[in-house]
Amino acid sequence: MKKYFLIIAVVASAITLRAQKIDLNQKKVDAILAKMTLEEKVGQMTQITLGVVGTQIDGEINPDALKNAIIKHKVGSILNVTNHALTVDQWHNLLTKIADEAKNTRLKIPILYGLDGIHGQTYTLESTLFPQNIGMAATRNLDLAKAVTKVAAKELRASGVRWNFATVLDCGRQPLWSRFPETYGEDVFIGKTMGASVIKAYEEDGLNKTTAVASCMKHFLGYSASRNGKDRTPIYLPEIEMREYYLPQFREAVKAGASSVMINSSIINGMPVHASKYLLTDILRKELGFNGVAVSDWEDIKRVYAWHHVASTPREAVAMCVNAGVDMSMVPGDFTFYDLLIEAVQRKEVSMARIDDAVKRILMLKMKLGLFDNPYPEENAKANFGKAEYQTLALDAAHEAMTLLKNQDNVLPLSKSKKYLVVGPGAQSISALNGCWSYTWQGKEEQWYPKDSKTILQTIKEKVGEKNVLTTTAKGFESPENFDVDALTKSARNADVIILCLGENAYAESPGNIADLALDENQQVLAKAAIATGKPIILVLTEGRPRFITNIEPKINGILMAYWSGKKTAEAIADVLFGDYNPNGKLPFSYPRSSGEIVLYDRKPAEDIREVFNDDVHTGYNPLFAFGTGLSYTTFTYSNLKLSTKNLTGDNNLQVSVVVSNTGKIDGKQTVELYSRDMYASISPDMKRLRAFQKIDLKAGESKTVSFTLNKNDLAFVNTSLKTVTEAGAFKVMIGDLSDEFQYK
């Protein structure tokens with residue numbers, strides 16, 4: 001009992017100290033704010049890109065330009081890099097010069113530097129790159145997601161950067177969207193649980209510590225719901241759908257303690273999100289209770305006038321967005337925001353109260369990050385960069401992302417004693433293994449990748465020996481040699497199996513826009529030539545979104561979805577192909593069969609019906625590979641599904657358990673997924689929804705009981721009044737091939 005009270009006392013003391021520190025920080029912020037001029041306040045709300053103050057060569061600073069930005073325009077934040085990733089020492093040198101200049105300002109307010117470390121510290125050379133979010137979602141492993149995030153935070157902080165524009169919480173329900181690989185896939189539950197875990201991992205050590213950075217929720221709200229799949233294009237989104245599929249991830253991230261949010265670049269129902277007071281104030285601030293910094297995306301306040309035409313002048317656009325709730329403008333290439341906002345305040349178009357509100361949040365974030373105590377890169381943080389164990393973790397993450405989609409007649413794993421022909425544009429491409437935000441924005445410039453980065457061809461040679469590997473490929477995804485059909489046909493005569501490496505090269509944002517999901521013609525022709533040889537084919541897909549393979553899939557013996565899984569993608573691919581790792585990834589999206597049948601797993605009942613004149617119906621959910629698909633080299637069976645009650649009432653819990661057995665001959669990992677279905681509701685219910693998952697290890701022949709706890713909140717949906725409710729009635733629970741029903745009262 002004494003021990004129990006001691007724990008309570010320690011926890012209470014920690015909470016009290018934290019509250020006292022927040023209160024002290026608030027007093028410091030209030031004192032600084034009271035001394036600030038309008039120009040100094042607006043400067044804090046202004047964020048420019050590094051190119052405004054630096055050259056394009058190795059992040060060198062132009063002293064006069066830096067002085068103009070910080071002294072004359074009082075700029076409070078800088079972001080990004082000018083060209084490519086820098087070394088840790090280059091970052092320290094650059095950020096030290098910026099901090100030095102800030103010391104010359106009247107109030108000596110430090111600069112807050114931010115950038116996009118999307119799957120590791122994107123912009124530091126030799127940093128550790130992990131799977132993109134879509135690959136992390138395939139792992140279904142929250143602990144692993146937290147672990148890779150902790151490394152990203154350490155390597156960001158080691159570089160001197162304390163604010164990371166991650167993680168992306170947009171729900172990937174439009175597979176054409178060029179930012180699909182940055183999402184956690186089409187499911188709300190994975191998005192909100194993994195997203196919240198990552199947000200917490202970035203920040204939970206304390207923002208003043210060298211193992212944490214401020215996180216940023218992206219992109220509030222509905223950015224991924226583009227009508228045509230193109231980046232930054234119009235969205236038409238009923239609020240009931242917005243609240244059901246796109247808002248929950250942000251709600252959980254706010255609860256997890258996110259320090260900042262970046263705004264959706266697009267328009268929803270004709271209104272630019274940057275100018276929507278309803279979304280940015282009523283929902284984000286009041287409903288979700290978010291108290292952090294709201295930053296615009298790249299140049300988006302300008303575009304309220306220039307693109308969207310809802311403001312008649314650039315100044316009106318600035319006033320609209322600031323009044324809606326934007327605290328900081330990523331201008332980013334000039335000082336127009338600064339000039340126009342000062343003018344808007346002087347004309348009484350923006351109140352000083354609103355300016356003070358924004359600046360308080362910005363100063364508080366700087367205070368929490370310890371910038372007022374030490375605005376310089378922390379030398380002791382360098383020790384957290386590039387540790388050997390990070391490479392092991394990168395391999396673990398890539399391993400768990402690998403998703404085996406097809407294994408006809410158990411063609412996999414492959415024998416190490418046969419001869420293999422490795423073909424396709426992905427065979428010798430490093431960029432196609434990592435994707436966007438990889439040492440450069442687009443991720444395509446392979447000269448900046450670590451020298452020890454391996455290709456698929458290299459790792460296959462390491463497995464079976466050079467004499468057993470043939471190839472018709474060359475370095476670089478777009479190299480013409482990669483598509484040489486004649487060379488493939490001739491080389492195949494001397495091979496037992498063809499390993500066909502297809503997919504996508506790296507891309508980010510708008511440059512990744514495509515007209516359809518079909519693979520480019522060169523890849524299709526190559527695949528058909530491989531099929532024509534009559535040799536067994538293993539298809540390895542390195543891609544950020546599902547590209548159509550329906551026309552070639554029937555003749556393919558094995559298919560491995562590798563995503564863009566970071567530094568160790570090639571090693572993970574070879575380990576899976578040759579049986580040194582048992583795959584356990586699960587698809588985080590429905591892999592579509594055709595462009596006319598992009599139906600998501602959590603569809604409405606009517607989407608399953610195709611009415612014809614003789615009253616026959618067939619399923620409308622007919623993807624090439626369903627959400628949650630993921631094969632193993634062992635077999636798992638489910639039995640003894642149990643519900644603790646058949647009548648769930650009020651706020652009580654329902655315990656659901658199932659026995660999972662490894663009935664194969666090798667050890668394996670399995671993600672146990674629990675789905676529910678509301679049988680009847682006041683609006684048409686979804687056919688099924690993922691409500692919980694648990695990843696377990698099972699040795700060959702071993703069985704485990706896996707348990708889940710559900711309550712009414714896990715069964716809730718958004719009704720026509722836009723309220724999240726759980727209605728009385730029948731529900732079905734589904735795990736594996738088992739199901740049972742209960743009543744909620």
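Me: Is D575 buried or exposed, and at what relative accessible area?

Reply: This is a predicted model in which local features need pLDDT of at least 70 and side-chain atom pairs count only at pLDDT 80 or more, while totals for chains, interfaces and linings use all residues. Residues are numbered from 1 along each chain as its sequence is written, and side-chain values use heavy atoms, with hydrogens and water left out. Buried means under 20% relative accessible area, exposed over 50%, and partly exposed in between (1.4 Å probe, protein chains only). D575 therefore counts as buried, with a relative accessible area of 13%.

Me: Which residue meets D575 in a salt bridge?

Reply: A salt bridge is a side-chain nitrogen of Lys or Arg within 4 Å of a carboxyl oxygen of Asp or Glu. The N to O distance for the D575 pair is 2.5 Å, and the partner is K463.

Me: How many residues apart are K463 and D575?

Reply: Helices (H or I, at least four residues) and strands (E, at least two) are DSSP runs, numbered from the N terminus. K463 belongs to helix 17 (residues 456-464) and D575 to helix 20 (residues 569-577). The pair links distant parts of the chain, with a separation of 112 residues.

Me: Which helix holds both E239 and R243?

Reply: Their side chains meet in a salt bridge with an N to O distance of 2.9 Å. E239 is partly exposed at 22% relative accessibility, whereas R243 is buried at 12%. The two residues are 4 apart, about one turn of the helix, and both lie in helix 8 (residues 239-246).

Me: How many salt bridges are there by this rule?

Reply: Some of them form a network, which links R232, D297, E299, D300, K302, R303 and D334. Another pair is R347 with E343, at 3.2 Å from N to O. By the rule, the count is 55.

Me: How far apart are the centres of the positive and negative side chains?

Reply: Lys and Arg count as positive and Asp and Glu as negative, with His and the chain ends not counted. The place of a charge is taken as NZ of Lys, CZ of Arg, CG of Asp or CD of Glu. The protein chain has 88 positive and 85 negative side chains, and the centres of the two sets are separated by 4 Å.

Me: What is the radius of gyration of the protein chain?

Reply: The chain has 20 helices and 26 strands. Its radius of gyration is close to the globule-rule value of 27 Å for 745 residues, so the chain is as compact as a globular protein of that length. The radius is taken over C-alpha atoms, and the rule is 2.2 Å times the number of residues to the power 0.38. The value for the protein chain is 27 Å.

Me: What is omega for the cis peptide bond from F220 to L221?

Reply: L221 lies in the loop between strand 5 (216-220) and helix 8. The bond from F220 to L221 is cis, with omega near 10°.
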